[in-house]
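The sequence and structure come first, followed by the description.

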Amino acid sequence: MTHHGLFISFEGIDGAGKSTHIAGLAEAFRAEGRSVTLTREPGGTALAEQLRGLVLEQAMDPLTEALLIFAARRDHLLRVIAPALLRGDVVLCDRFTDATFAYQGAGRGFDVQVLATLERWVQSDEGLLGDPAGNQPMKPEVDSVIEPHLTVWFDLPPETAALRLADARLPDRFESQPLAFFSRVAEGYAQRQRGHPERFARIDAAQPRERVWQAVRQVFVEKGWLQAAPLP
Ligand code: TMP
């Protein structure tokens with residue numbers, strides 16, 4: 001990718017506790033003068049948020065579910081993620097395509113070959129990284145797939161996540177799934193990490209929150225994307 005932005009996704013089973021760390025990173029990047037686009041999937045645009053509502057609340061078959069999630073992703077990439085990367089923003093995205101492989105693929109048992117095909121179609125940068133007027137793409141290597149530069153994976157045993165979720169708000173269609181579903185999703189994430197070891201940073205999310213934060217921050221410091229915290 002020839003743009004100057006940074007695309008970072010955050011993953012993990014429900015209850016893994018990503019949100020506060022994503023907010024902390026946004027603050028840390030802004031404190032260093034970077035422009036941050038904070039977004040989420042499914043969602044991030046008016047249309048994609050509507051699709052999110054359907055996916056989280058309505059019963060539907062697995063293909064419909066996967067198609068709606070990828071439709072939301074296309075709109076999100078087109079309207080928010082690609083323009084932000086072209087501007088040079090740091091894009092912090094709460095979940096992205098690894099979630100589809102973990103939840104729809106491993107969790108629901110949906111055909112991962114079909115997911116991989118949808119991924120190529122939807123994330124093809126042809127038409128995504130062109131100039132805003134929709135003229136010629138600004139980059140020569142069209143047809144590559146837009147994916148995160150880094151995926152921070154909050155790894156937590158499903159049993160621990162279930163305990164954390166027990167006190168949570170009214171569960172949606174995913175949060176209300178049984179433990180066995182989340183065990184498959186967790187394994188789905190582990191498989192994704194094995195397939196993309198260079199892109200994934202695994203964080204032990206069972207540690208106390210402050211330790212998790214230190215571990216997350218350290219990943220960004222080691223990449224040279226954030227400065228090391230000053231000594232107290
Ligand atoms: P959130 O509660 O972390 O915002 O995520 C919404 C739910 O949507 C969560 O249970 C995971 C699920 N999901 C999928 O099943 N597939 C996907 O591709 C994405 C992005 C989320």
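## The ligand site

Asp14 lies in the loop that runs between strand E1 (6–11) and helix H1 (19–31). The model is a predicted one. Asp14 counts as buried because its relative accessibility is 12%, and the cut-off for buried is under 20%. The side chain of Asp14 also makes a polar contact of 2.5 Å with the side chain of Tyr103.

Asp14 is one of the residues that come nearest to the ligand, together with Arg52, Arg95, Thr100 and Gln104.

Three helices each supply at least two residues of the shell: helix H2 (46–57), helix H3 (62–87) and helix H4 (97–107). H4 gives the most, with four residues.

| Side chain | Ligand atom | Distance |
|---|---|---|
| Lys18 | oxygen | 3.2 Å |
| Arg52 | oxygen | 2.9 Å |
| Arg73 | oxygen | 3.3 Å |

Taken alone, the ligand exposes 480 Å², and the protein buries 95% of that area. Where does the ligand sit? The ligand is placed in the largest pocket.

How values were computed: Residues are numbered from 1 along each chain as its sequence is written. This is a predicted model: local features need pLDDT of at least 70, side-chain atom pairs count only at pLDDT 80 or more; totals for chains, interfaces and linings use all residues. Side-chain values use heavy atoms; hydrogens and water are left out. A residue is near a molecule or strand if one of its heavy atoms lies within 4 Å of it. A polar contact is a pair of N or O atoms within 3.5 Å; within protein, one must be able to donate a hydrogen and the other to accept it, and residues adjacent in sequence count only if both atoms are side-chain atoms. Accessible areas come from the Shrake-Rupley method with a 1.4 Å probe; for residues, only the protein chains shown count as cover. On a 1 Å grid over the protein atoms alone, a cavity is a set of points where a 1.4 Å probe fits but cannot get out, and a pocket is an open set with protein on both sides within 12 Å along at least five of seven lines; lining residues have an atom within 4 Å of a point. A molecule sits in a cavity or pocket if more than half of its atoms lie within 2 Å of its grid points. Buried means under 20% relative accessible area, exposed over 50%, partly exposed in between (1.4 Å probe, protein chains only).
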